[in-house]
Every structure is written in structure tokens, then in C-alpha cells.
Amino acid sequence: MQNYLIEIFGSEIVAYILATVPVLAFIVVFVLFAVWLERKVSAHMQDRLGPMRVGWHGVLQTLADFLKLLQKEDIVASANDKALFNIAPYVVFVTTLITYTMLPFTSIFIGSNADVGIYFVLAFSGAVVAGILMAGWASNNKYSLYGSLRSAAQIVSYEIPTALVVLTMIMLYGTLSLGDITTAQTSQFWNWGIFGGPVLGIGKILLVPFMFVAFIILFISTLAESNRTPFDLPESESELVAGFNTEYSGIKFSMFFLSEFANMFLIGAILVIFFFGGYNSPFGYLGNLLGIEWLIPIEQLFWFLGKGMFFVFVDMWLRWTLPRVRVDQLMTICWKYLIPYAFFNLLIVGLILLI
Amino acid sequence: MKTEEMILNMGPQHPSTHGVLRLELVLDGEVVHDVKPHIGYLHRCFEKHAEAMTYAQVVPYTDRMDYLASMYNNFGYVGAVEKLMDIKVPERVEYIRVIMGELQRIASHLVALGTFGLDLGAFTPFLYLFRDREKILDLFEITCGARLLYNYMWVGGLSHDIHPDFVRKTKEFINYFRPTVVELNNLLTFNKIFIERTANIGVCPAKEAINLGLSGPNLRGSGVKFDLRKNDTYSIYDRFDFEIPVGEGLVGTVGDCWDRYYVRVQEVEQSLRIIEQAIDQIPDGDVSKEIPRRVKPPVGTVYHRVEAPKGELGYFIVSDGSVNPARVKVRAPSFVSLSAIGQMAKGYLVADVVAILGSLDIVLGEIDR
């Protein structure tokens, strides 16, 4: 896609800037939709209706809320560290946005099919910590500080099981590029990562249970990395008021909000790419059947978003069902359970791949 | 490395202090070294006000103390005045008072259980319980028109007789409500994360609970079988068959947050039993026949205590023979419960302070009066 844009505009910089537009637009539209969905999902789980007034079943509610947030006064308290305070929300948002460049939305649209794809995603989703720490420290508020320190400890800890599972999957596919990982799972759904990926023969049957374990570990640890319930300690509203974003208002607050929801889709997308075939259809394409070639990318986009949204929905489902764990229990889950299991899993998968 | 303690002011504006309470936490990292509650943000001089009003005028003020259990505040106050004046209220009034009191206990416990879950991050049970509480408030509404502050029990009687539909609707409510307690247990009580968060947290052994003066579910959560409805019976509670649930340390230690929570869950069932027995026995009669034209007790003092949903609610009234009470002193259960948090929370984490506070079920309107 970039090459095409470079041809049209004759300038690499313009082409790359334009290539980010669909991603940015996607994030904004997705967040508007996801916030509405979250409110509707929670409402229906709790015997309520949720927003009903603004548009059909309240679909425009988040747009209205967003416009309201834009008009809010941008409060910077006198005791805040101004430079850090102002820059932190953008650091958090940009690091989340950057990771989207690596996601293969369809076979023809991928921001960058870099060879280091997943490594890049892990690096930048870890870099969110910097922004959160900046926000917490610069706010000069004890609740913010607690929230950001919890968040730093949490994200850094859960990077380890995430990385271990990712390593397992890299061994399976033999590549770090997210585009190539998706391509490796094409044609039939039994080529998906959860069913042992492109491996053939007896190894495939042996792999299935371990892939399932890997999936569970990756799901839990990415959930924790995106600060969602039951691991939403950095912003646990009943203890720390709002955690690291207590002092923020207006557009800066909405930046944190945007990146939280963008993160939700990101972890869904990562799970889908590793375990559920990325944009691949489980049944083959209608476009192939009818001989319409341009239909295929649209179908791929549908499957990618559909599968990703399913995991977003599961996140919401968990959030409105479970209480929150305590900070020491959070660390126990990570260090005492997830990391040893992930190591063990890595070892076994390696052995199976050798035979 | 040099470390120092940090002071964190939790409240008065904080989502889980259950009102305008300020807790001064002395922290070492996340570990709590000391908790000092600061109260008085909601002080409305109830006790002083009462001295300037007639006995009957005090009743609506008692509503506003524990605003989640207004019926029971009325119950205690009119009981004290009736004891002072030696009034025997009609049977019908006694039965209706007990039914209303127990419905109010359920409503109050539902709020306590729901907000406790909310403090631990479980949002959904809270709304389920509020949905059920609405049904109780509907029953109160058809009875006296109010949903929160009833002014229903008057000295010597009641402000209104029950609605013709009341008995039927109450029975419907009991049938509807029983399964939702099971639902609550499935969703929250025996949830693994919930148990991890509450078992062995804020442990208060029986001896310490007695020393602290705890009462009600907080005392029973520590395993002390003490309930004023049985141990110092008042009104007509001696006629009903019900049990006193106590904390048994089912998932942790006796007297932990989970025990205090579970005692409330079980008490809801016992209250339903009392209502079931009472609702069929309501005798005929006139509820306002015995209401005195002029409430003017003889010179003397009285202390009357009742088992309010939060614990022992006591009214100490001094009468100088005039139409105004010379002194009204309230022994508020939440006030005593809150004073225990300093001992209970020491050594636990910040998140546990929220859990312990939630398990004590305090209402600031009652603490500050």
C-alpha cells in the first residue's frame, strides 16, 4: 500500500503520513463504538438499558461525550510538573497508536510488514509505562503516584509471560513478522495457531493442548497489560479514585481513555493473529466463489475485526462479572503461576517441534 | 535506602468511604501503619435540635440518621418514648412495626452487600441488589408514600395503616426474592477472587470485638452469638422463630471480612422467615387509636435499645416533664464500628482498608448525626 502511495505522491513522507490516516480513523471510530458497546454490554448484564436517548439505542452517546470532553477546561494545577504533565497523555496514546502500524488488517493493508513485527509491538506496548509514570509523577498527587507505580510494576511483570508465549509462537511460525504469521495460517481453520499452526503430522495433535495453555496465558497476561478488570489496579476507582489519570481533564483525559480502549482491541488483535488465523476466513472466501477479487480484502477485514471484537467483548464480559484482585495477588499470579507455566510450555513446544 | 512513611488522606471526597468520611492513612508503600478516621463533615446537631422540639416532632429527624434504615430508627425512638410513657401499643401496630423493621433490615443489608462488592470492584451485584431493594421501597411507598425517609412509626401507633395490597405484595416479594439470594451467592459470595480479597482480611477475634463494643452483624461476624432481638427482646420478637447466624470462618478465619459479609447474607434469610411468620398473623385493629393527643412523659430517664440493621441502636432520653425532651442521646452502631477500623486495618494493604471499611457497613449520617 505504501508503495502505491509513494507512486501517487512522489514523496515518501507524505505517503507514510497518509498511510497512518486510516489507522487513526479506525482507532477513533473503534473507540467511539467500543465505549458505547461497553456501556450497553454492562447495562444489559446489569438489568439496565444504558444510553438510549442520543441516536438509535444511544449510538451517538459517546460522540456527544467526546464533544463534551473537548469543551472541558484543561486544568493544569499549579503544583504539577507542567512539561511532563502535558506530554504524558500523548506519550501513552502515541505508543499505543504506533503498535497498530504492525497489525495486518487485511492481506493488502498492513502499516508495515516489518520483520521485527511482534518485537516492535511488545516494545511499544511496554513503553506505555513511561507515559503512565510521567502522568503519575507529574500530577503531584498521591493517588496518581500509587496508580502509576502499580501500573509500572504490573506491566513490567506481565511482559515476561507475554514474551515467553510470544517466543513459543515464534518457534512455531519461524518468523517475527505479524503479516507472515498470518499468511502461515491461511486456507483452512485447522492451520490456525490454536490448532497447532502450519505443523503437519503427529506433532500437530501433540501441540493442540499446549497451544491452548499458551493461549490462556497470553490472554491473561495481555489482559493485565492493558489494565482491564480483574487487573485494573492502576485505576481502581474504589481505592485510588482514578489512579494515574486522577488529575487529568478534558482532551488529555480523553487521550488516556482513547489509548485504553485502543489497547483493548490491540490485545484482541494480537490473540487473533497468533491463535485464530488473523484475517483469514475459517470457511474460505465468498469473493473466490463469485470470482470478485475486490471482495476478498473486505471479507478479510470483516473477519479480523470480528474476531478482534469478540475478544473485546470477552474483556467487557469479565470486567462486569469479576471483582478486582489485590496488588500482591496480581504479582503472585504472574510470578508464581504464569511465568513457570509459560516456561514449561515453551520447553514442551520446543521438544515437540524437534521431533 | 532512606524510606519514610507517607500520609494519604482518603476522603472526604473518595468513591468508597460511604459518605463524607476522611481516613488519614499512614502508609509505608502500600502497607497501612495507622488509620485515623476523621468525622464531623455531616454533623447536623440532631441531638441538640431534639431538645427544642416536641417528642412527636423528633421522629422525622431520626429518619435522617441512618438513612438506609429509617424505619428502624423510628422503631427505636418510639419504643423509647413509649417505655417512658408506659404506653401499650395495639397488637396490630406491633406486627406491622416488626414487618416493616425486617423489610428495612433486608433493604439495609442489600445496600451493605452491594456496596461491599462495589468496593472490591464488582459492579454488577450492586445493581442486582439495588433492583431488589427497589421492590422493598415500593412496599414502603404504598404504605406511607415515602421511599427513603418515612416518618412512619409514631409514638403510640403508626402514621398510616397498611395498604390493602400490602400483604399480597409482600408475599410476592418473598417468593421473588429467595432465588436472588442464591444468585448473589453464585455471583459474588463464593467467587474465587472475592474470597481471596476478603478471607483472612481485617480479622477481629471475638474478644477484641467485644472490647471494641461492636454490635450487630459485625459482632456476630466475629462469632459472638448476640442479637438484641433474642437476648434483650423488645416489641414482639419473642413470638417468632428465627436463628442468629454467626461467623464460622468458612473460608478463612473467624471474624474476617468475608464472615461479616456472609452473616448479612444469612440474616436476610432470617428476616424473610420473620416476615413470613408475621404477615399471616396481623390482627385487626386501629393503628392510630393509641396515639396520644399530647406526648408529655413524666419526669425520668429511659434507655431503649433495638437491633438495628447496623447493630445496637440505643436511645437515651431524659424527660423533665415538659413536652420537649430535655436530652436525647443516641448510641449509634456505625460510630462504634468505625472506631474499630484503626485496630482492624493495621498491617494490611490500602486495598484492604477499603474492604474492611465496606465490611463494617457504616453510614455517615448516623455517625455524625
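Here are some friendly notes on this two-chain model, point by point.

1. Ground rules first. This is a predicted model, in which local features need pLDDT of at least 70 and side-chain atom pairs count only at pLDDT 80 or more, while totals for chains, interfaces and linings use all residues. Residues are numbered from 1 along each chain as its sequence is written, and chains are lettered from A and ligands numbered from 1 in the order in which they are written.

2. Confidence in chain A. The pLDDT (the predictor's confidence in each residue, from 0 to 100) averages 82 over chain A, with 96% of its residues at 70 or more. Where pLDDT is low, the predicted coordinates should not be read in detail. Helices here are DSSP runs of H or I with at least four residues, strands are runs of E with at least two, and both are numbered from the N terminus.

3. Domains of chain A. In all, 17 residues of domain 1 are in contact with 19 residues of domain 2, where contact means C-beta atoms, placed from the backbone, within 7 Å.

4. What domain 1 brings to that contact. On its side, α2 (12-45) and α3 (61-71) of chain A each give two or more residues, and α2(A) has the largest share with 12 residues. By class, the side of domain 1 that touches domain 2 has 14 nonpolar, 2 polar and 1 charged residues. Nonpolar covers Ala, Val, Leu, Ile, Met, Phe, Trp, Tyr, Cys and Pro; charged covers Asp, Glu, Lys and Arg; the others, Gly among them, are polar.

5. Between the chains. Here 22 residues of chain A are in contact with 26 residues of chain B. On the chain A side, α9 (237-240) and α13 each supply at least two residues. That side divides into 8 nonpolar, 6 polar and 8 charged residues.

6. Chain B overall. Chain B has 15 helices and 8 strands. Its radius of gyration is 21 Å, which agrees with the value near 21 Å for a compact globule of 369 residues; the radius is taken over C-alpha atoms, and the rule is 2.2 Å times the number of residues to the power 0.38. Along the principal axes, the C-alpha atoms of chain B fill a box of roughly 75 × 45 × 35 Å.

7. One sheet of chain B. Strands β1, β2 and β3 of chain B form an open antiparallel sheet in that order, two strands being paired if DSSP finds at least two bridges between them. The edges are β1 (6-10) and β3 (31-38), and the twist from one strand to the next averages 20 degrees. Strand β2 (residues 22-28) is joined to β3(B) by 7 bridges, including the one between Asp28(B) and Val31(B). Helix α14 (residues 350-360) of chain B lies across β2 and β3, at about 150 degrees to β2(B). Axes are lines fitted to C-alpha atoms, for helices over the stretch in contact, with angles from 0 to 180 degrees between N-to-C directions.

8. Another sheet of chain B. The order β6-β7-β8 is again open and antiparallel, with β6 (300-308) and β8 (325-331) at the edges. Between β6(B) and β7 (residues 311-319) there are 9 bridges, and Gly300(B) has Ser319(B) as its bridge partner. Helix α3 (residues 70-85) of chain B packs on this sheet, touching β6 and β7, and its direction makes about 150 degrees with that of β6(B).

Technical notes: Contact = placed C-beta atoms within 7 Å.
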